[in-house]
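Subject: Handover of a two-chain model

Dear colleague,

Please find the structure below, together with a short account of what was found in it.

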Amino acid sequence: MIDLSRRRILFGGAALGAGAVLTACTSNTPSENTQINTNADSDNKNAAPGDKVVIGFSAPAADHGWVAAITNNAKAQAAAYKDVEFRSVAAGADAAAQRAAVSTLIAQKPTVIVLLPHDGKELNAVGLQAMQAGIPVVNLDRAFPDQGAYRLQIKGDNFGMGLAAGAYIGEQLKAKGISNPIIGEIPGIDSLELTQERTRGFNQALATYGFKVANRRPADFTADGGQRAATDLLRALPKIDALWNHDDDQGIGVLAAINQANRKEFIMVGGAGSKQAIDTIKADNTPLKATVTYSPSMASSAISLARLIGQGKGMSDLVELQVPKEITLASETITKENAEQYGKLGF
Amino acid sequence: MTEQSTKPGVPAQSPPVDPAITREAAETTAQPRQSWWKSDGAEPVRRNLGLVGVLVVLVIIGVVTRPELYGNASWVTDNVWTILQQASAIGVVTVGMTFVIIGGGIDLSVGAIVAVAGVWSTTLATQSYGAAGMIFTAIVVGIVVGLVNGLLVSYGRLVPFIATLAMMVAARGLAAQISGKQTQVSSNTTINDIASTKVLGIPMLVIILALVVAAGWVLLNRTTFGRRTVAVGGNVEAARLAGINVRLHTVLLYALSGLCCGIAAIMLTSQATSAQAAMANLYELDAIAAAIIGGTLLSGGRGTIIGALFGVLVFSTITNLFAINNLSTEVQNMVKGGIIVAAVLVQQFRYRSLTQLFGRKTA
């Protein structure tokens, strides 16, 4: 049945050729927007080159802007230090793959390991394994349940995001004198603990104003998912006073849906603090009036602190001789007023 | 119950197809003569009575639970368009999937193809190739990925499940690579406006869906290509003996599915004004489910485009119903699962009892 007639070979050739042309056309890489700080322009003693530190790094190969920014930040921060050697291993598609990847990393005996686990509970054992092998572990964002599994935990504040978003919405609505507002919520993947914490914080903050959420449609951290969820929510609520969308990446779709439905009677708050969202807030021509931060710059900080741990130094502003064990970033509220200042943290 | 049209009134096929061959193909698939209740798509509503019933019940539930919304005529009109718009991209993908399944295959890579096509065209957009360039790119990328699927299945002799599973993983990887794992925002207003444009009061996305469904229906029910698809899915060996180039036909079916994914990618990009590697998440499952509850036989050889459309509409209406009542998506998914099982059970039961009734071997 395989008769390779001339016509077919020509056709196949044409198809391959078209593919090659297309590939050649897409050689543009998206601009990488990274945040680093080495204190190089201050007289902080920690900025001076010290002992050589080998930092092993592993983060999920996710397709979300935030996780991409985590990896880019870590790389850029490590590259800015002369005394740091950065050794990155891809984490694969799931917790098991990342366990295997980190095990090979441990065998290479780096000075410190910085790790964004797929899931802190599932990667706890690997943290213990590294610590027992004498390699300090810096856990990035997704906490290990076991105290012995990490030297430092640095993470964002999910509960605080919800609290900040709820407080902003409460304040704004109170200022407008709305006593019984209709509030919508578009979280990300609902089964994740971080989503549940954000929602808990949001509800708690709203409760202090006597407000509650009228409709809640989860999306999946993608723009098209956000568009679908927002379209459904806007259809269900012919009038809204405020809307919190947990994630700025899916927020692109949420804003598209708002635009398509031609609705602007409400205020919207975002989450995470992407560059796109900060620019939109600055332009002030959509319902998006604020976003609460969950900055991937924590990866840059994690690399800095991993270097200090490797060199046995502390943080110069603290009295302590060593880096602390827990750091939780504050969730800040970016509005039109301070958008300029936060622009550099946008990812 | 097949699309093999032995009806009078269908014009003989034009060359290069030999009418004798298609007639033989039709006979060798050992299908019974058509009864009135299984004529080929001529009575789409009657054939899909179960699904139409489900839709009616869903609307009644909506009216009863939110009377204040349904009391507003303009809201109801807008809501109908919303449901259809929400069904549009997945509906287009489902048309392609229905062809592949009727042809005896399966395409697990549709969601990933949509992502590659969408991401590729939005990356190009940043290089200002314009709306036409974006549409062309999305469609070409869709077709090329579909062709690779088809070649793997027919000439590489891979099981469709494995070939398209591999493509699902690989294409998502490619999409992540091309997009740099970032959400690619489309700055092309022509593309972005597709989602909010209305022509004669009908949303553009709904028109595109209608055109694709109509084209799919004609292709399946009124062309040699359609008859060959049914023949290949019904009995590969008989189709081969009847002179159908089964391998080439299989390649074309996957390319068709890829083409649909390319079109859907532009629709989704327009709706979300952006594309990213994780877009069209789990579309493969929704498209397969819609095709199956629409009466398409998973083992191939039988199915309808209109049924698949009703399948998509049922899912889209359920989502809408749950949204307007602020019910959780977990329960919604359970209901969806229940409807899939119920629809297939009903079909099987109806099929079986009629078979017993008339004493005919039908499959």
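Where the two chains meet, 54 residues of chain B are in contact with 40 residues of chain A, contact being heavy atoms within 4.5 Å. Please note that this is a predicted model, in which local features need pLDDT of at least 70 and side-chain atom pairs count only at pLDDT 80 or more, while totals for chains, interfaces and linings use all residues. Residues are numbered from 1 along each chain as its sequence is written, chains are lettered from A and ligands numbered from 1 in the order in which they are written, and side-chain values use heavy atoms, with hydrogens and water left out.

The interface

Chain B and chain A bury about 4000 Å² between them, with 54% of that area given by carbon and sulfur atoms. Buried area is the accessible area (1.4 Å probe) that two parts lose on being put together, summed over both. There are 15 residue pairs in polar contact across the interface, both residues being at pLDDT 80 or more. A polar contact is a pair of N or O atoms within 3.5 Å; within protein, one must be able to donate a hydrogen and the other to accept it, and residues adjacent in sequence count only if both atoms are side-chain atoms. On the side of chain B that touches chain A, the largest share comes from α13(B), with six residues. Helices (H or I, at least four residues) and strands (E, at least two) are DSSP runs, numbered from the N terminus. That side of chain B divides into 22 nonpolar, 26 polar and six charged residues. Here Ala, Val, Leu, Ile, Met, Phe, Trp, Tyr, Cys and Pro count as nonpolar, Asp, Glu, Lys and Arg as charged, and the others, Gly among them, as polar.

Salt bridges

A salt bridge is a side-chain nitrogen of Lys or Arg within 4 Å of a carboxyl oxygen of Asp or Glu. One of them joins D279(A) and K275(A), at 3.5 Å from N to O. These two residues are separated by about one helical turn because they are four residues apart in helix α9 (residues 275-283) of chain A.

Pockets and cavities

On a 1 Å grid over the protein atoms alone, a cavity is a set of points where a 1.4 Å probe fits but cannot get out, and a pocket is an open set with protein on both sides within 12 Å along at least five of seven lines; lining residues have an atom within 4 Å of a point. Grid points are joined across faces, edges and corners, and a volume is the space filled by probe spheres set on the points.

The largest pocket has a volume of about 1700 Å³. Its lining has 47 residues, and H118(A), R142(A), I189(A), L192(A) and F221(A) lie nearest its centre. The element that gives the most to this lining is α8(B), with five residues.

The second largest pocket, of about 1000 Å³, is lined by 32 residues, with R228(A), D286(B), Q332(B), N333(B) and K336(B) nearest its centre. Here α16(B) supplies the largest share of the lining, six residues.

There are six cavities of 30 Å³ or more, and the largest cavity holds about 60 Å³ of space. Its lining includes N245(A), D248(A) and L288(A), and α8(A) gives the largest share, four residues.

Yours sincerely
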